[in-house]
Amino acid sequence: MQLGVCYYPEHWNPNRWAIDAQQMRSIGLEIVRIAEFSWQKIEPVEGNYQWDWLDTAIETLSAAGLKLILGTPTATPPPWLCQQYPEILPVDALGHTRHYGSRRHYCPNSPAYHQHSQRIVQALAERYGHDSRVIGWQIDNEFGDHDTARCYCQHCTHAYQAWLKTRYGTLETLNEAWGAVFWSQSYTDWAQIRLPNLTVVNPNPSAVLDYYRFASDSVVNYQKLQLDLLRQLAPSHFVTTNLLGSYHDLDYHKLAQGLDFVSWDSYPTGYTETHGHRLYPPGERPQFAFDVGDPYVIGFCHALTYGLLRRPFWIMEQQIGNVNWTDYNTGVRPGTPRLWSWHAAGHGADVVVFFRWRACLFAQEQYHSGVLNHAAEPALGWDEILSLQAEQAELKQFTAQPPTAKVALLLDYENLWAIQLQPHRKEFTYLRHLFVWYCALQALAIPVEIVAHRADFSQFQCVIAPTLHINDDGLAERLQAFAAQGGQVVVGIRSGFKTESNRVTDAPLPGVYRTLLGSKVQAWSSLPPQVQCALESASPAAAGLHIAEPAGQWVESLHSETSQVLLTYASGLYSGKAALTCQAHGSGNAYTFGWYPSVGQARTFLAWLAERHAMPRLVEALPYGVFATQRGAQTLLLNFLDTPQDVEVGGRRHSLAARDVKVV
Amino acid sequence: MQLGVCYYPEHWNPNRWAIDAQQMRSIGLEIVRIAEFSWQKIEPVEGNYQWDWLDTAIETLSAAGLKLILGTPTATPPPWLCQQYPEILPVDALGHTRHYGSRRHYCPNSPAYHQHSQRIVQALAERYGHDSRVIGWQIDNEFGDHDTARCYCQHCTHAYQAWLKTRYGTLETLNEAWGAVFWSQSYTDWAQIRLPNLTVVNPNPSAVLDYYRFASDSVVNYQKLQLDLLRQLAPSHFVTTNLLGSYHDLDYHKLAQGLDFVSWDSYPTGYTETHGHRLYPPGERPQFAFDVGDPYVIGFCHALTYGLLRRPFWIMEQQIGNVNWTDYNTGVRPGTPRLWSWHAAGHGADVVVFFRWRACLFAQEQYHSGVLNHAAEPALGWDEILSLQAEQAELKQFTAQPPTAKVALLLDYENLWAIQLQPHRKEFTYLRHLFVWYCALQALAIPVEIVAHRADFSQFQCVIAPTLHINDDGLAERLQAFAAQGGQVVVGIRSGFKTESNRVTDAPLPGVYRTLLGSKVQAWSSLPPQVQCALESASPAAAGLHIAEPAGQWVESLHSETSQVLLTYASGLYSGKAALTCQAHGSGNAYTFGWYPSVGQARTFLAWLAERHAMPRLVEALPYGVFATQRGAQTLLLNFLDTPQDVEVGGRRHSLAARDVKVV
Amino acid sequence: MQLGVCYYPEHWNPNRWAIDAQQMRSIGLEIVRIAEFSWQKIEPVEGNYQWDWLDTAIETLSAAGLKLILGTPTATPPPWLCQQYPEILPVDALGHTRHYGSRRHYCPNSPAYHQHSQRIVQALAERYGHDSRVIGWQIDNEFGDHDTARCYCQHCTHAYQAWLKTRYGTLETLNEAWGAVFWSQSYTDWAQIRLPNLTVVNPNPSAVLDYYRFASDSVVNYQKLQLDLLRQLAPSHFVTTNLLGSYHDLDYHKLAQGLDFVSWDSYPTGYTETHGHRLYPPGERPQFAFDVGDPYVIGFCHALTYGLLRRPFWIMEQQIGNVNWTDYNTGVRPGTPRLWSWHAAGHGADVVVFFRWRACLFAQEQYHSGVLNHAAEPALGWDEILSLQAEQAELKQFTAQPPTAKVALLLDYENLWAIQLQPHRKEFTYLRHLFVWYCALQALAIPVEIVAHRADFSQFQCVIAPTLHINDDGLAERLQAFAAQGGQVVVGIRSGFKTESNRVTDAPLPGVYRTLLGSKVQAWSSLPPQVQCALESASPAAAGLHIAEPAGQWVESLHSETSQVLLTYASGLYSGKAALTCQAHGSGNAYTFGWYPSVGQARTFLAWLAERHAMPRLVEALPYGVFATQRGAQTLLLNFLDTPQDVEVGGRRHSLAARDVKVV
């Protein structure tokens, strides 16, 4: 594993650069990322490029032994550009122009912005594309952050119309795909099609799903414009971009395509505070040591990021002290950044780049910590990096092999969006549903990959799809083939409901997955909070599977057609009907979950399944607060509590200090 | 009672129409409503009418034995119309244009929209106005829904100025009526008068009340434009519109005038979930079986709808499974839609039209259930309709007579708006105050009509006016005459406070009601949540009236002028002052309530009053969860719980199964 | 002390004026404020002044023996003015124009509005500037109320650019001061600088602090335009304006400069209900009698207002019954307005003007009470004023001397804004932090002045600065000099962090206060709610100082350089590090608080400090609910509870009735 740091030479007096560079090396940092917000510094006046400062910065850092990553600076168009070309500014869903003065103030479909982005990236790549001091490039920065994946400007309106014309060919096809006859909204002219904002009440969900696809494609295309240039002008450098964990306004599977690897920006306390509620049910969140964030949430993001290209990734920004963008911005204690770095490594990170070298003296991120504090004195992170440096041998050995997993969890952004547009039940989100299964797997110490629907399943023993909401014939066939070869498939509620264009299928549910699952959904219901349905075993085949907690939130009444009923509802709307079925295919099985499971229920089921099918668990009995990950044959144990924990692995007892890690 | 269903032939392949029609008839449906959102299908290009599909649909449905209701499709102007005449689009209070893409995207004062509405309604009425397969018309759909009663566009500004000119004649009169001298806002030019939005702080409440009146009148006028055409072109058909229960941005008393009858769209689970909090105090709501909604809320809406024209009404859309527009969209169990249909009948519905025939495969209402599910299989509602069909004889007999009531509850939209504009206390609303009295009457099994201020009171024994906020001389006189002839009048707090133009009267309170009530209000106070004032009996005339619960929220200090004091405050701000008085008039009385009552307090008082004046109660001791209504001489008992209940009526014990009904 | 009342002759029939005036005098009122919203009445058409009504009103009131204050009517530009000069209207942060129809609908930087304001003030001052019936003027009304201190219109954009040019001279200086290099936002043209609204994410905090300064200066300049005119045309009249207590979008220290005295509008129940949560931690608020408001909150506002010019002030509007602008608008009982008036006197008010004479019959303030009710009958306030009249001798004697205090609490609006822009912790506000110390002092009966940073400290024994956030060399020196002469200085967390331009200092913390405090801040942390750090005594010098409650919210790790450590952290992030230090200077000391104190902790510390340094306390053991203030040698005791309280002062026992006062 290599360590790096984010650095902004333009923020500091050039006479600090050499000192900073020397200090970075002195604590073992090898990589430095620069320049990703420096457009104005490179080009203060249109066409007038200022390379001196950047040449010097690169030379100074390189001279100290650091390898450089350059960010393209397109996340921050300078004021002069916005003043001269105001048409590049994005528009929000209420129709207000989003102005410059911070960052990400551009529309990804603006022709003028395409032209200027091309110009600045070309200038940079022409100058440094063959520079061996530079090892790679980061395109833009955190695409979509600050709600910028979706723009509602006139450029986007026209681009959306064109995108739809390409997708549907004729208005007749589009009107049919969208069911536009509903509420008399059929179109007779492409120019009539609006972006789906500012309607009196909710717009057509087929139109919105297409708009989400279009908006995501717009960013993917915008990235491709830069990627193509870099491939051409910097052929020996790697190219990546930095993502945002469980962010989902962009189809990360598409965005990752063509990159050498992906990276993400990991801020465990910040991310847990601001995004945790999007993964946990409202009001529920487990407690760990106060300054570590939530290892389920961060582990999920690591796993999701790994699965985008199914190869090791980078942490492009790793929190190294407090952040500045949450409600409490909790202070961090010694030991915690080291724990985070190991945790990242455990899930497949090969490089960890800390954010940032020195706390900034000005502007929006003043309160964000750095390895050095504002006064240039070593802050908490300094010793953390030294700790990691001291255990580099162990780290390198541990990260020599990639993570391994025999269980796949399926993730698909279009399915996610379709559920998001019509959750039908207040707290229902695709990611929460996925996260239930992720947490259950983590709690059982079963390694898991989070992969796309189109992934090759051959390495897995088990594929879990909490919801296959949109019908996909090919996927149904591939899952059946996977089962036939001995795989275990688990499919949950709301499956087979939608067509590709976000209409409801007119086939009985679960649509194209009916043969795979051997069960028909006869009825389904959303339940208010207080209503629950007891479950009971229905067959000797369910021996050992005891789910005492009743089903809630969402229940489906299953009718076994060719499957075996494992559990039935013992009370409630569907009393006596099947709740869990199993369809044999060759040497494998396809299980149908008829209700929205809790983590406890999913865990009980998975433990039963793992035992039945000899699926490996890293640790048999993981104490609360301890997590386990695997790379190659090595298991990493991490303790996220403030109290020591004992863990038995393979018959041997290991003691973990508070917030400590151990490779076993 | 007749049963019907809503159908959208344009949503389905024409080869399904005959099958659907035959199935409808097979389960006993007699009526079908169509076409209310089909403008684009009828007129896909301006002036180019396509009648074939509609002719065929009508013929197919009629041929199966169904009677047709046609909706005018003006709730959904097609995209081509919005593209060509963007001036028809409404503007919200923040000044944003509300665009097409859903429904109700029109300004009721747009001259262009008047013209096009006239055109499409005329075309429809000319074609089907004398068609005997059609029995009637529904104008538009759910006027005002999605916050569309009030528009803030330029057409509305000009129309408002004209409306004010008609109302006030001169600016001097208007300035005086509004007290515009306050904060220097007197007008010297009609063009200076703005709609009351986007002001720095709250606008003049007289201006806003006039704006609410104007906005309501605008919709009434817009409806009249269609109504006049239909009367002329379809003279033998009935004309109605479908309302929204306790919705109150429109003056339903004015909107109902001229219609043959009114109808409303009853979604008990949905309506309870989204509107219940507008009727109950925050955080308080009684519990019933989880899938029945709230019978107080829905009963209130039925009663309110009945009272608009004081004649039986229709349910134009009756929920038949889950809805799709609330937080939880609770699943519904067998038996519940039947219970709802009987409940509607019990309050005066003569026809119940279920929404909708088959669950829609596309667009905004995909998750809404139908009698058939998406796959065209019978869903829950199928058997419900069969159950009702099986008891048609009993239903017809029960609905042969109209509901009867000896108690009137007064409702007035202008009084409601005046309170809404200046509630003076956070949770104070006119409807909550009214609903307290409604619930108390229901709990006592005392039938009640909710009637307008101008209603003829002669059929009643008792008239309850929770608040006569605006002074109305004629009403004061009519109530006094009613009392003089033996009637009991109950009048509550905040009465006589306002003038017609929403100023405060300069007369002592309760203004013009002072002679009627025989008491003067010496002072009044809003109370914070924790402050309460005990009540105690003040006279032998109050014998039997024990109100142990102290008064809270709002108290008025009454001074008896000619009345008798029944209760006094025993603690708090007005300790020793009168809290409840009784003024005799001839053989009747006028009671003044000095505080905001709880349901329990109102119930105690009404039980005392009913006993004192021999007011009939359908059941002496109604168990919690059981409701009773009356049509003619028949009493309907309904059990909204999941447990059986025993009810004694006239000395005879009746057993009601869970969610069951019984006519006794 | 003198009593007055607010009166609006234009709201009433002129035949009431003489009656009203006579009644005012009959209950002892001496002063009447008029005309502050009467522009339209004075000038109904541009240039056409109508003086008759105002001449008559002044004559009528004066003839009855009342002295007049005239308000300039610029808070309410009439409709005709807005219609002819729409460019005067302000724009909100979302870019929406804020329209006329209520009040304060003007931009303080509008050239047209400057011109018309000048015109109307000049006309008024020319007519009444030498009129001896008039004693003084109130400029405008409640500057900044309804969020009007900050406007986002084009006039403001240009004025802001000009203001910045004056402040920084060159763009290079500005870019450096703002750290505009961050996110590439350096400016190359003054015209590129936008107001800091509508950015994609939070704007640069240096730009925003400058915008806050600019916006405040804009209002100060606008006031000065009027003040200069009045000084010239009404040289023998006083000039004041009416402020809003703890309102802080304007720099009240600057706004007060040049006025003869300041006044504020005191609505204890209303202000407590709407602003209390800005001073107390969320969810915490002490309880008093239900109708008195919160004496800590109102006392704080009195003290803050007194401190603006460090001289007695007026209550320009004193609540006299219920208000109409809060959630509950609690009714008020006899005795309470008298208590409020004494409370104001106790904190330095010399005149109390009640709002308003008679409850208004129309427009926005109909539900606001007056001395007379709507029907012109005496309301609650009538007898209150008579009570005060009866004790005028005692009141006059008590108010003959100004308040005295030996403790100063420092307040600075720029420091407040800097914290507001980057609180770093959810509930952290500058005012809450200040209020903790204020409450502790009040609970100990230690009189306190709230003074500006630039105040002369010579009269004080102790100066408390909860946060000296922005580095200020001169202040550091003055505090050190104050200590050297025997003063006690207390400085809290987050001090020395910022530069004048709202960057972070690159010096070790606490920046320029390091010598004064003798301690260096080695690290600091915001803490989430559940995390706490125990405190323990570290030195014999801390004898008697026991703080059992642990530190929370925010902790700083202090390193004593020349100071003595009094307390250390006994657990948590900084266990073993210093938490409270004391630096001797000459005969005085400078204490450094390392954590965010609770009221209890501050009280324990202050009691210890007061005992150690013989700082006077008015009462040794103040019962909960009783407050004490001092003017000259007289102590005023006030009981804000509904139960009688006994207080021992100087060895003598005093009994206070419920909601009663006593001078001892």
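Modeller: In this predicted model, 45 residues of chain C are in contact with 42 residues of chain B. On the side of chain C that touches chain B, the elements giving two or more residues are α2 (39–42) and α4 (79–84) of chain C. By class, the residues of that side divide into 17 nonpolar, 21 polar and 7 charged. The two chains are related by symmetry: a rotation of 120° with 0.0 Å of shift along its axis superposes chain C on chain B, with an RMSD of 0.0 Å. That is the relation of a three-fold axis.

Within chain B, helix α1 (residues 14–26) and helix α3 (residues 52–63) have axes that come within 8 Å and cross at roughly 25°. Because angles under 35 degrees count as roughly parallel, α1(B) is roughly parallel to α3(B). The crossing of α1(B) past α3(B) is right-handed. Pro14(B), Trp17(B), Ala18(B) and Ala21(B) of α1(B) make the contact with Thr56(B), Ala57(B), Thr60(B) and Leu61(B) of α3(B). This contact has 6 nonpolar, 2 polar and no charged residues.

Chain C also reaches chain A, as His424(C) shows: this residue touches Asn324(A), Asn329(A) and Tyr367(A), together with Ser526(C), when residues up to four places away in sequence are not counted. His424(C) is placed in the loop between α15 (413–421) and α16 (430–443) of chain C. It counts as partly exposed because it has 19 C-beta neighbours inside 10 Å, whereas a buried residue has 20 or more. From His424(C) to Glu142(C) the C-alpha to C-alpha distance is 31 Å, and the two are 282 residues apart in sequence.

Key:
Residues are numbered from 1 along each chain as its sequence is written. Chains are lettered from A and ligands numbered from 1 in the order in which they are written. This is a predicted model: local features need pLDDT of at least 70, side-chain atom pairs count only at pLDDT 80 or more; totals for chains, interfaces and linings use all residues. Copies are superposed by least squares on the C-alpha atoms of residues with pLDDT of at least 70 in both. Helices (H or I, at least four residues) and strands (E, at least two) are DSSP runs, numbered from the N terminus. A residue is buried if 20 or more other C-beta atoms lie within 10 Å of its own, exposed if 12 or fewer, and partly exposed in between; C-beta atoms are placed from the backbone. Two residues are in contact if their C-beta atoms, placed from the backbone, lie within 7 Å. Ala, Val, Leu, Ile, Met, Phe, Trp, Tyr, Cys and Pro count as nonpolar, Asp, Glu, Lys and Arg as charged, and the others, Gly among them, as polar. Axes are lines fitted to C-alpha atoms, for helices over the stretch in contact, and angles run from 0 to 180 degrees between N-to-C directions. Angles under 35 degrees count as roughly parallel, over 145 as roughly antiparallel, 65 to 115 as roughly perpendicular and the rest as oblique. A crossing is left-handed if the near helix is turned anticlockwise from the far one by less than a right angle, and right-handed if clockwise.
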